Amino acid sequence: MSTVKTAELVAIDERRLLRRLDDLAQRGALPGGGIFRALYTPAWTSAMELVTTWLKEGQLLTRRDAVGNVWGRIEGSRGGRAIVTGSHIDTVRGGGALDGALGLVAGIEAVTSLWERFGRPTRTLECVAICEEEGSRFDTNFWGARAIADRIEPNEAERTRDAAGTSLADAMRSVGLDPANAVQAVRRDIDVFVELHIEQGPVLEDHGPRLGVVTTITGTIHQEIVVRGQPDHAGAMAMSRRHDALVGASAMTLAIAELATRMGDPAVATVGTIVVEPAQVNVVPGIARFTVDARHPDAPRRTELITQIGDACKAAARERGLVVEIRTLRDRPPVTLSPRVADVLRRACRAAGLDPRDMASGAGHDAQVLAAAANTGMLFVPSIGGRSHCPEEATAAEDVVLGTRALASALRELAYQQ
Ligand code: HGY
Ligand code: MN
Ligand code: MN
């Protein structure tokens, strides 16, 4: 990667940017508020069609790859490895309008504005709508970025299922993709990937400034914990003789939250789902199944947290005569992003008159996967109240515009070198 230093804040079409964010938020909007665009569903297809329209309006060469990522491309006059921006189009269940959508819509705006204002770049410049990141439908995540970075396992699409039992492979077929071709999505010609994202926490809002440059992305483990006790009559079985799986899971949940709290920021641990069996009002739960999401940006501290969680669950099970099984669903280690791309982003922020904050991201991002395939950087804008993964997720319009202009400025430095 070589760059030409510029300190020019690039202009964009602010109204187009904000209107498109509103338009995208309609795709997958839920009647009671919030958005749900899950991979390969009708809402997802509709959103991808909208994005494709915008890429074509911008005169970008547009294509859908073998897993459904949608790319817009401007061939550089000197070719070479590509400069890419973008983010994911999928959302969590009942999510907001900006997680993923901002980096995607801002990426299209930045690339289109550069093309309109400065003509053909010297380096090939691309924008990508990544098909899936959140893990909100299938028992996997980062599907789109992993396909690009050659991190999909053999037969993964056939093995991976959603809650209804549909395989990822069948879902691909339902939108006209052939899972056997997934490997064709691999890119080995990306030089730089830059992602603009909302912070999803309160640091920039509380302490400023309005832009952050991400240096590391936290490491996340997802586990499934199954607690097995004994189903019994809710009226006739004495409290002292019960082996209530949910009471055990509840003790474990409290212990998990306490362990992360005791370790201190930025350690976090969340029990996000729980189901019991047989799930009837007058039956003592015989089985409780819950998930844990535990994170720390420092690898040894994260290992320590995971070990403590396992020990606490085993102790809680022992005390209550329960059996506990712990299974790792996914383990994504912490990732350091490219210092050179961070420098480009810092210069772009300074062109906007701000000295950005260096930050560790507590959220996972496509950038952490693409860091295995490219020099990768991320830029954060504030989240109002630090809220995200909820319908209230929002960022002030002027910060959306500021972040997009800084992104465009960074892309100008990267793709328009002489
Ligand atoms: O879970 C995450 O951090 C991301 O939002 N998918
Ligand atoms: Mn998210
Ligand atoms: Mn995201």
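Are His88 and Asp99 buried or exposed? Both are buried, where buried means under 20% relative accessible area, exposed over 50% and partly exposed in between (1.4 Å probe, protein chains only).

## Basis

This is a predicted model, in which local features need pLDDT of at least 70 and side-chain atom pairs count only at pLDDT 80 or more, while totals for chains, interfaces and linings use all residues. Residues are numbered from 1 along each chain as its sequence is written, chains are lettered from A and ligands numbered from 1 in the order in which they are written, and side-chain values use heavy atoms, with hydrogens and water left out.

## The manganese pair

The manganese ion (ligand 3) has His88 (NE2), Asp99 (OD) and His197 (NE2) as its protein donors, at 2.0 to 2.2 Å. Donors are N, O and S atoms within 2.8 Å of the metal (3.2 Å for Na, K and Ca); water is not among the atoms, so sites may look incomplete. Along the chain these donors follow the spacing H-x10-D-x97-H. His88 lies in strand S3 (residues 82-88) and Asp99 in the loop between S3 and helix H3 (101-118), so the two tie together parts that are eleven residues apart in sequence. Helices (H or I, at least four residues) and strands (E, at least two) are DSSP runs, numbered from the N terminus.

Asp99 bridges ligand 2 and ligand 3, and the two manganese ions lie 3.7 Å apart. Glu134 is in the loop between strand S4 (125-130) and helix H4 (143-148) and Asp99 in the loop between S3 and H3, so this pair ties together parts that are 35 residues apart in sequence. Both Asp99 and Glu134 are buried.

## Ligand 1

Glu133, Glu134, Arg295, Ala363, Gly364 and His389 surround ligand 1; a residue is near a molecule or strand if one of its heavy atoms lies within 4 Å of it. This shell divides into one nonpolar, two polar and three charged residues. Here Ala, Val, Leu, Ile, Met, Phe, Trp, Tyr, Cys and Pro count as nonpolar, Asp, Glu, Lys and Arg as charged, and the others, Gly among them, as polar.

A polar side-chain atom of Glu133 lies 3.0 Å from a nitrogen atom of ligand 1. For Arg295, a polar side-chain atom is 2.7 Å from an oxygen atom of the ligand, and for Gly364 a backbone N or O atom is 2.6 Å from an oxygen atom of ligand 1. Taken alone, ligand 1 exposes 210 Å², of which the protein buries 87%; accessible areas come from the Shrake-Rupley method with a 1.4 Å probe.

Arg346, in helix H10 (residues 339-351), counts as buried at 16% relative accessibility. Not counting residues up to four places away in sequence, Arg346 touches Val213, Thr215, Pro339, Pro356 and Asp358, contact meaning heavy atoms within 4.5 Å.

Pro382 is in the loop between strand S15 (375-381) and helix H12 (397-415) and is buried at 7%. Beyond its neighbours within four places in sequence, Pro382 contacts Leu204, Glu205, Arg210, Ala394, Thr395 and Asp399.

## Backbone geometry

The peptide bond from Asp265 to Pro266 is cis, with omega near 5 degrees. Another cis bond joins Glu277 and Pro278, with omega about 5 degrees.

Gln59, a residue other than glycine, has a positive phi near 65 degrees and is exposed, with a relative accessible area of 58%.

Methods. A polar contact is a pair of N or O atoms within 3.5 Å; within protein, one must be able to donate a hydrogen and the other to accept it, and residues adjacent in sequence count only if both atoms are side-chain atoms.
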